[in-house]
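Biologist: I'm new to this one. Can you put it on screen and walk me through it?

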Amino acid sequence: MSDENLILLGVVGAPHGVRGEVRIKTFTGDPLAIADYGPLSDDKGRSFEITNIRPAKEVVVARLKGVTTREAAEALNGTELFVARDRLSAGEDEDEFLHADLLGCSVVGPGGVVLGTVTTVENYGAGDLLDIETPDGRSVLMPFTKAFAPRIDIAARRIEAEPPLGLFEPDDDKR
């Protein structure tokens with residue numbers, strides 16, 4: 001299966017306890033929902049089934065089928081967990097987008113001016129931010145809100161933006 005058909009749902013972190021449980025940083029809207037997709041796979045094609053899950057501070061703690069020791073859990077630290085795109089349910093909300101679908105989209109401002117290309121989608125706790133590489137090579141973070149990105153056409157790989165005044169202008173004060 002090609003990489004564009006896989007969606008990253010989480011990353012295995014450090015072990016939790018001595019019986020094989022692992023911490024997982026999830027990228028699902030509801031952190032516990034990572035267990036709802038059935039078996040997940042890594043980039044080597046190995047399959048992982050979550051048999052038990054519970055919330056923790058900034059992660060979830062999960063038991064993976066067949067992982068019963070702390071050593072086995074440690075060996076999985078850093079493993080990325082993917083699901084096949086076709087196993088994701090179509091979003092009920094037309095304003096919901098997969099981060100993977102936003103990457104590479106052209107960001108176009110008022111008057112059709114190309115502001116840049118989405119390189120990553122970040123979230124530091126206050127909502128999604130589009131990291132946009134401008135034509136002159138700068139990186140600009142723009143809030144991914146209806147106000148700043150009112151029209152999104154994933155098929156055309158285009159985001160029409162109404163950015164805050166001054167966001168994309170070069171900072172001439174930096175010397």
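Biologist: How many salt bridges does the structure hold?
Modeller: It holds 8 salt bridges. A salt bridge here is a side-chain nitrogen of Lys or Arg within 4 Å of a carboxyl oxygen of Asp or Glu. This is a predicted model: local features need pLDDT of at least 70, side-chain atom pairs count only at pLDDT 80 or more, and totals for chains, interfaces and linings use all residues. Residues are numbered from 1 along each chain as its sequence is written, and side-chain values use heavy atoms, leaving out hydrogens and water.

Biologist: Which residue forms a salt bridge with R54?
Modeller: E21 does, with the closest N and O atoms 2.7 Å apart. R54 sits in strand β5 and E21 in strand β2, 33 residues apart, so the pair links distant parts of the chain. Strands are DSSP E runs of at least two residues, and helices are H or I runs of at least four, numbered from the N terminus.

Biologist: Is E21 buried or exposed?
Modeller: E21 is buried, at 12% relative accessible area. R54 is partly exposed, at 36%. Buried means under 20%, exposed over 50%, partly exposed in between (1.4 Å probe, protein chains only).

Biologist: Where do R70 and E74 lie?
Modeller: Both lie in helix α1, 4 residues apart, about one turn of the helix.
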